[in-house]
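Dear colleague,

Please find the structure below, together with the notes that I prepared on it.

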Amino acid sequence: MSGQPSMQGIGKENTAALSIVFENYLKVVKLNVFTGEFHLIKTYQDYRDKDAEACGSFFEYAKGGVTEGIIHKDDSEMFLRYLDSDYLAGRLLGGTGGKHIILHGLRCRILREYENVTMEIIASKNFSRENPWAIMCISCTDKCRSRIGAELGRSYCKIVHVRLSDGYYEPVYMTDSEISAEESLAPGIVNWFASFAQAGNVYEEDREKFLKFIDNDYLRRRLAEEGEARLYYRRKINGGYKPVCMKIVRSADHSPEDPLAFIYIAEEDKEGKYLTERTAAEKYYASCDIMTGIRNRHCYDELCREYEVNGRKGPLGVLYARLSPIGAPECDDSSLKRERLRIFAIMLMETFGREKCYRTGENEFAAVSFGGDGESFRRRAENFRREYGETVYGTASIGFYRDEAAASITAAMEAAQNDAAKNETALAAGV
């Protein structure tokens, strides 16, 4: 793999290839080789990574991996030698090895066991102090990737993100034995679960209580009053019926008007309880938008409230984007829709940085940038709109707004939405 790692350098016609690249890596990190600034673009289920941005630099983050035993102690010296700013800069600026550095046979702890992985550092052909970004990728064997899926499978049969107001849902995880059914998922969470039960996957004596439990109105009431609801029943797993617990909890961005929740279906342990690591996983999933890996609506709303409560009035740039449906409605509920959401989020992170990006709605995204030069923000936002307003994955309505003394993120975002609408009208008129 070689060439330009930037999403902007890949070009619209190659956007589909981007998904292949990211599916084949456990971890992808964009880093500034000289300053150590970094952004996690993709990570596997590593709970340590949710606090990664608290690290001062990528090189501090790498040292933490050694200190915490993520990297095998016998490989730590070699690992840190490769991930040294001066060493990387020397190699990438025209020393030996070109713009692609590879380290094979690195032992990395993945879900309690050390696995052999390959680390790659990739920079563009114009890498320099003015163009200082590189991509670090970690890949593993197919056997290792299968073990990661099996580990999650020991805890969960299924994880689903759902909006109870209309039944819209996004599968987060399903075991291999159920993935084959994904192509024929019924529209609406109630219809999907009901058809699953009526096909004989829920034990006959438990079927009636199962169908009553998944009623939208019942779940909305339980979540409003208690924050969660549980059902113990028997369901088919690997050809036989086994006791499981379905746990439904409010998402961090849940509200009475927008009742979002996570559904976890797990086999119980011998004492009929959840394992500690499952609780940790639930917290992990609730802390970000699980479909795209960027921050969720709850985080965005908290940012808006904090900004206004603290009375901040400073330079603020915001970008708003709404993806349009692809063709017929049934197409927009397919795996293509989930893929385009992930790809668009990656492109947004590449432009503005992961810590500034949010998924604020089903098809809506936002970027919020504090301080900096106004002209630089407007140029970056305009380039993003021109480059990604139309791709092989469909069109997006994009607008932005910059205020040198903004009193409200919400007001600024409304201005960005108006800009998106004006731009869309102008494009439709051929202006």
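Cys137 has a relative accessible area of 2% and is therefore buried, a term that here stands for under 20% relative accessible area, with exposed meaning over 50% and partly exposed the range in between (1.4 Å probe, protein chains only). Cys304, at 6% relative accessibility, is likewise counted as buried. A disulfide is a covalent bond that links the sulfur atoms of two cysteines. With the criterion of a pair of cysteine sulfur atoms within 2.5 Å, the count of disulfides is zero.

The model is a predicted one, in which local features need pLDDT of at least 70 and side-chain atom pairs count only at pLDDT 80 or more, while totals for chains, interfaces and linings use all residues. Residues are numbered from 1 along each chain as its sequence is written, and side-chain values rest on heavy atoms, with hydrogens and water left out.

As to the overall fold, the protein chain contains 16 helices and 15 strands; these are DSSP runs numbered from the N terminus, helices being H or I of at least four residues and strands E of at least two. Of the 431 residues in the protein chain, 50% are buried. Where contacts in the protein chain join residues at least 6 apart in sequence, 59% of them link residues at least 24 apart, a contact being heavy atoms within 4.5 Å.

The structure has 20 aromatic pairs. Rings of Phe, Tyr and Trp (its six-membered ring) pair if their centres lie within 6.5 Å, and planes under 30 degrees apart are stacked, over 60 edge-to-face and the rest tilted. Phe38 and Tyr61 form a stacked pair, because their ring centres are 5.3 Å apart and their planes lie at 25 degrees. Since Phe38 belongs to strand β2 (residues 38-42) and Tyr61 to helix α3 (residues 58-67), this pair ties together parts that are 23 residues apart in sequence. Phe38 is buried at 7% relative accessibility, and Tyr61 is buried with a relative accessible area of 6%.

The pair of Phe344 and Phe365 is tilted, because the ring centres are 5.2 Å apart and the planes stand at 50 degrees. Phe344 lies in helix α14 (residues 335-352) and Phe365 in strand β13 (residues 364-370), so parts 21 residues apart in sequence are tied together. Phe344 is buried at 4% relative accessibility, as is Phe365 with a relative accessible area of 1%. Both belong to one aromatic cluster, formed by Phe344, Phe352, Phe365, Phe377, Phe384, Tyr388 and Phe400.

Helix α15 (residues 374-388) has 15 residues and should span 21 Å at 1.5 Å a residue, which agrees with the 21 Å between its end C-alpha atoms; the expected span is 1.5 Å times one less than the number of residues. Its buried residues include Phe377, Phe384 and Tyr388, along with Gly374, Ala381 and Arg385. These residues cover an arc of only 100 degrees around the axis, which puts them on the same side of α15; the arc is that of the directions from the helix axis to the C-beta atoms.

Finally, Asn216 is located in helix α10 (residues 216-226) and is buried, with a relative accessible area of 18%. Leaving out residues up to four places away in sequence, Asn216 touches Leu164, Gly167, Ile189 and Val190.

Yours sincerely
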